[in-house]
Amino acid sequence: MKSLAERPVNPTVGLTVPHESAALHVTGTALYTDDLVGRMPGCLHAWPVQAPHAHARVTALRTEPALAVPGVVRVLTAADVPGTNDAGTKEDEPLFPAEVMYYGHAVCWVLGETPEAARLGAAAVEAEYEVLPSLLTLTEAIEAGSFQGHQPTLSRGEAAAALEAAPRRFAGTFEFGGQEHFYLETHASLAYVDEAGQVFIHASTQHPSETQEIAAHVLGRSSSEVTVQCLRMGGGFGGKEMQPHGLAAVAALGAVLTGRPVRLRLNRTQDMTMTGKRHPFHAEWEAGFDDEGRLRGLRATITSDGGWCLDLSEPVLARALCHIDNSYFIPDIEVRGRIAKTNKTSQTAFRGFGGPQGMLIIEDILGRCAPALGIDPTELRRRNLYVPGQSTPYGQPVRHAERLLDIWTRLSGLADLENRAAAVVRFNKVHEHTKRGLAMTPVKFGISFNLTAFNQAGALVHVYKDGSVLINHGGTEMGQGLHTKMRQVAATALGIPLRGVRLAPTRTDKVPNTSATAASSGADLNGGAVKNACDQIRDRLAEVAARRFNIHPDDVRFVDGRVTGIGFHDQDLAFAEVVNDAYFQRIPLFAAGYYRTEGLHWDAARMQGEPFKYFSYGAAVSEVEVDGFTGAYRFLRTDIVHDVGDSLSPLVDLGQIEGAFVQGSGWLTLEELRWDTSDGPDRGRLATQAASTYKLPSFSEMPDVLNVHLYERATESGVVYGSKAVGEPPLMLAFSVREALRAAAAAFGPPDRPLELASPATPEAVFWALQGARDALKETAEDAAAGARRR
C-alpha cells in the first residue's frame, strides 16, 4: 500500500475543479434543511418565547393563552422532556431553563400550523420573572470574580526572572471584541418520526453525531433510535458546531409528542440574539526584549468571555494559550487563562477557535512595542520568527520552521515591500491629512483537535457493478468545498475520472461517531478515511486484474478509468470491466474506511505535549490609507503567500484563503457587537442584532488589489496526498490589515511613540488613535519649544 502522502500518476487531486455544488448554488436549486419542509405535509413550526431580561428567575409560565390562539397545536416546556433537560455536554445548559441567563433566552417553544400562528402563540404566553443582578462585560465579571471552568497555565522556563533581566520591558492591557458568525443560512432543523418509531432529524449542523447524542439524551432514547442528516449548510464558521444541538432537540421533541414533522428555523434576529459568538478576550501582559529586539520573556493573564455556560469555552481557551506565540520564539513564558461567566449568549466556536485571539495578543504587543524599541515593526517580527530546532512553549518542535523565513522572504519580493515602504514614507511626508500604512505579519497555526480523541474519522465507499462510485464520510459541507476534495481523493485513489464519483449527504446511520467538521481538519481526517476505504477496494480489484494479466497485484495500475500493468502498452481493461469481474468472483465492492491522526499527545492539565499534526504557515502584506478628519480608511492592497502543502483542490483553497482573510478583516476592523449595558429595562439586550446595525465586510471592504500565492514545493508528509489544512489559518493573515491601520494612524504623530489601537479598529477607533498621535506630536513640539526657550 502506498503512503498517505504519495500521489499516483495523473491524480485528480491537485486539479482545478469547480465546487461540487457550484451549479446548484448559482441556479438556486441547491437544497438546504429548510427547503425540505415542502416535502413534509402537516409540518408544524416552532417559535421561541424569549425572556426580556439578562438574568431572572422564571416565577410563572402560563401557556393556556397560547393554546387559545388559532393554529397553535402545543407549547413545549420542561415538563414535556422525557429524558434530560439539558442541551449541552457539560450539564450546565438546560434546554428549558428555570433561570434566564441572558436577554433573549428561550423559556419555552410554541408549535403552530404556520409560522405566524406559532409567533402569535408565543406572544400570548404569559411569563413572570424575578429580575436578578447581571454581569455583562469582561470588566464586570473580572471585578466580581465570576469565572467558570478550568483555569490552565501555559509555562516554560522562568518568566519572572527573564523579565527582570530583560534590558527593555513593557506592560499593558488589551481588550478586544467577539464576532457574529452571520452565516447566510440561519439555524434550521426539521424532525419527524418514521413508521418504525425512529426519530429522523435534518439539521444544519457541523457535528451530526453530537446533535444525534444530545437529541437522544433529551428524548430519553438511545443514539441508534435517532438519525441526523446534514445535506449542506449555508455557512457555519464554527457557529453550528455546538449550537444546533438544543434546537434540533426541540424539533425532535415536538415531533415525538405530536406525531407530526416539526420545523424550527430561526430568523436572523432570533439567530443573533440566541446563539453564541466568537469569544471576546481581555489580556494583561508584561513583555521583555533584549537590545536587539528579541523577545526574552512574556507573562500574561488572558480572560475570555464565555457567556452564560461553558459550551466550548475550555478548548477555545486552550487553543488561545497554544497560539499566543504565533510565529515567534519566546524562551521564558507564563500565561494564565480563565473563562469569565457573564449574562450573555454562550460564546462558542468560531473559525480559528481561540487561535486568532491568542495570536492577536502577541501581534498587538509587537506592534505596540516596536516604536519604543526603535525598530521597524516588520523587522521586529522577522527577528523573532521561529527557526529550526526551536519548540513551542508547550513543548512541540516547530517542524519546517524554515518555511516561515522562506515565506517571509518570498512575500517581501512578490509584494515589492522595500520600494512600497519607501513610497509610503514619501506619501506621508506630503499629505498632512491623509496617511498610509504598510504592515507585514506572519501566521503559524497548529492543525488537529486539541482533544486527541476527536482526531479520527470514518467513511463508507460503495462501488457498483457498472463501475460508478458512491462515497459517504463523516464530514459536513458548509460551502468550504470538503465534498469536492473528497470526490477528488476518491477518484485519485481508485484511478477513475471525477465524473464517476458521487457523494451522499452526511448521515449518522452511514458513518457513526464522527467528529465535528472543525479545527481545519475536515480534509485531513475524512480524506484519510476515504482514501483508506478506496485503497481496500482497489487492492481487491488489483487481485482480480492481476489474474487476468498474469502479473503480481502490486504491479497493477489504475489510471483514468483504465486498469493495466507496469510496462503494459497494448493491454488494459476498463475499470467497470474489472469491477464486474470482481462481482462475479464474489469480491466485496464496498469498504468502511477509517483514519486516526498519528503522533499526537496532549496533557491538558500540564498544558504540555504535541497536540498538532503539523503547522500551517503564511504571511501577508497589507497597505491602507486613512483619512485624518474621520478615521475612515481604504484597503489599498494585500499580498499573501500561504502554505497549503500540495493542494488537493487549488480553486477551493484560493477561495478559502480569500474568504478567511476577508472574514478576519471584518472581525478586526468592522464587526462590533454591542450590548445594552445600562441599568434600564433593556439591560443585556443585543443592540447589533441585524444586518442594519452589525456591519459586515462587503466588496467595498475588499482591498483594491488582492494577490494570493500558494506556497510552492510544500508537500506535507503523513497527510492525505501531501496537502495541508486551509479553513482557519488564513483568517489570521488579516492581522496585517490591523497593523497597517496602526502604522497609518501612528504616522500622524511622532515616530517613537507606541500607539494603542482598539479592536475592532472601526473608523471611530482609528480616529481616536490618530488623534492621540496628533496630541503626542503637539506635546513633542511644545516640549521642544520649551527646551529652546530655556536654552
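Salt bridges and burial in a predicted model

User: In this predicted model, what makes the contact of Glu-672 and Arg-674 a salt bridge?
Analyst: The side chains of Glu-672 and Arg-674 come to 3.4 Å, N to O. The cut-off is a Lys or Arg side-chain nitrogen within 4 Å of an Asp or Glu carboxyl oxygen, so the pair counts as a salt bridge.

User: Why is Glu-672 called partly exposed?
Analyst: Its relative accessibility is 27%. Buried needs under 20% and exposed over 50%, so a value in between is called partly exposed.

User: How do you know that Lys-344 and Asp-305 form a salt bridge?
Analyst: Their closest N and O atoms are 2.7 Å apart, and the limit is 4 Å. Lys-344 sits in the loop between strand S16 and helix H10, while Asp-305 belongs to strand S15, 39 residues apart.

User: Why are Lys-344 and Asp-305 called buried?
Analyst: Lys-344 has 6% relative accessibility and Asp-305 has 1%. Buried means under 20%, so both residues qualify.

User: What makes Asp-639 and Arg-420 a link between parts of the chain?
Analyst: Their side chains meet in a salt bridge at 3.3 Å, N to O. Asp-639 lies in strand S29 and Arg-420 in helix H13, so the pair ties together parts 219 residues apart in sequence. Asp-639, with a relative accessible area of 1%, is buried, and so is Arg-420, at 9%.

Key: Residues numbered from 1 in each chain as written. Predicted model: local features only at pLDDT ≥ 70, side-chain atom pairs only at ≥ 80, totals over all residues. Heavy atoms only, no water. Helix = DSSP H or I, 4+ residues; strand = E, 2+ residues; numbered from the N terminus. Buried < 20%, exposed > 50% of the residue type's maximum accessible area, 1.4 Å probe, protein only.
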